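I opened the model today to look up its sheets, helices and cores. My entries follow in the order I made them.

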Amino acid sequence: MTQSSETPASDPRITVDREGHVLLIGFDRADKRNAADFRLLQELSLAYAELESDPDLRVGFVYAHGDHFTGGLDLADVGPRIGADGLDITADGGINPWQVSGVSLTKPVVVAVQGTCLTLGIELILSADIAVAAESTRFGQIEVARGILPFGGATIRFPRAVGWGNAMRWMLTGDLFDTAEALRIGLVQEVVADGAQYDRGLELARRIAAQAPLAVQAALANARLAVRESDAAAEAALQPELVRLAASEDAAIGMRAFVSRQPAEFVGR
């Protein structure tokens, strides 16, 4: 992974590993409850850019080393960097992991969380596609208790994902909530036993990576088009996308697998 001047190769805050077509992105500041300092934010942006730019990578899997997913921003380090134009955490060549800067991923992301999952952790879930939580995880969108607002997309995505009242209940009070509530409102898709979140999240990422990548990306893009523009815009794109995908090598592979009842090995073309 490319390193900027703010992200030295020594003492990394983010681990980046590959397993087949999955990019494993791990928060690695466990001694600080994986609180995000500026270096961690920049390294995370570079990891997301690696996922997006490498054609061999099909899915991102975001997790955390240690007992906690993240305690949120390290305000002592990040706070002084907020300038007249706000806070730019994206390294040169990186992609904002919360995708609130006009650049979005075209590939899906699965997130697995445990322990404490505050502020930017919830916003990473909201900007991703599937989330798995360990049973004892505690969540909190606590920015209002620190005198700031959520600036990683929660104001936009939280109401859309869980409903206005549910989002405001937690975003405006800064109260903590548990996995039963996170599952009830739809913030996470699965709750598993403590310690099982990594394996289950990676299992889902592998399952997605085994599908036809062009089709996965097209389905994701069309769903996002409906959310960000309109149902009509997404509807208008359906048939052209079907024609494009039907002419792909992967569509032929999928058809042969269907006829022969053998697993498909997709090539992304």
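**Entry 1: Gln197**

I began with Gln197, which is buried at a relative accessible area of 9%. My cut-offs: buried is under 20% relative accessible area, exposed is over 50%, and partly exposed lies in between, with a 1.4 Å probe and protein chains only. This is a predicted model, where local features need pLDDT of at least 70 and side-chain atom pairs count only at pLDDT 80 or more, while totals for chains, interfaces and linings use all residues. Residues are numbered from 1 along each chain as its sequence is written, and side-chain values use heavy atoms, with hydrogens and water left out.

Gln197 belongs to helix 7 (residues 197-209). Helices (H or I, at least four residues) and strands (E, at least two) are DSSP runs, numbered from the N terminus. What does Gln197 touch, leaving aside its neighbours within four places in sequence? I listed Ala112, Val113, Gln114, Val132, Ala133, Ala134 and Val192. Contact here means heavy atoms within 4.5 Å. I also checked Asp28: it is 169 residues from Gln197 in sequence and 16 Å away in space, C-alpha to C-alpha.

I traced an open sheet of 6 strands in the order 1-2-3-4-6-9, with mixed pairing. Two strands pair if DSSP finds at least two bridges between them. Strand 1 and strand 9 (190-192) stand at the edges with a single partner strand each, so one side of each has no neighbour in the sheet. Neighbouring strands are turned by 20 degrees against each other on average, direction ignored.

Next I went through the pairs. Strand 1 (residues 14-19) runs antiparallel to strand 2, joined by 6 bridges. Thr15 has Gly26 of strand 2 as its bridge partner. The two strands form a hairpin with 2 residues between them, and Gly20 in the turn has a positive phi of about 60 degrees.

Strand 2 also pairs with strand 3 (residues 59-64), in the parallel sense, over 6 bridges. Ile25 stands opposite Val62 there. The chain gets from strand 2 to strand 3 through helix 1, and this β-α-β crossover is right-handed. Right-handed means that, with the strands pointing away from the viewer, the path from the first strand over the helix to the second runs clockwise.

Strand 3 and strand 4 (residues 109-113) are parallel too, over 3 bridges. Gly60 has Val109 in strand 4 as its bridge partner. Helix 1 packs on the sheet and touches strand 1, strand 2, strand 3 and strand 4. The direction of helix 1 makes about 175 degrees with that of strand 2. Axes are lines fitted to C-alpha atoms, for helices over the stretch in contact, and angles run from 0 to 180 degrees between N-to-C directions.

Why is strand 2 (residues 22-27) largely enclosed by the rest of the structure? I found 6 of its 6 residues buried, so the strand is largely enclosed. Val22, Leu24 and Gly26 point one way, while Leu23, Ile25 and Phe27 point the other way. In a regular strand the side chains alternate between the two faces of the sheet.

**Entry 2: cores**

The largest nonpolar core has 47 residues. Such a core is a set of buried Ala, Val, Leu, Ile, Met, Phe, Trp, Tyr and Cys residues joined through side-chain atoms within 4.5 Å. Phe27, Phe139, Phe158 and Leu187 have the most contacts inside this core. Helix 1 (residues 38-53) gives the largest share, 8 residues. Another core, of 12 residues, lies apart from it and includes Leu24, Tyr63, Ala205 and Ala209.

**Entry 3: helices 3, 4 and 5**

Helix 3 (residues 120-127) has 8 of 8 residues buried, so it is largely enclosed by the rest of the structure. Helix 4 (residues 154-162) and helix 5 (residues 164-171) have axes that come within 6 Å and cross at roughly 130 degrees. Helix 4 and helix 5 are therefore oblique to each other. By my cut-offs, under 35 degrees is roughly parallel, over 145 roughly antiparallel, 65 to 115 roughly perpendicular and the rest oblique. On the helix 4 side, the contact includes Phe158 and Pro159. On the helix 5 side, Trp164 and Met171 are among the residues involved.
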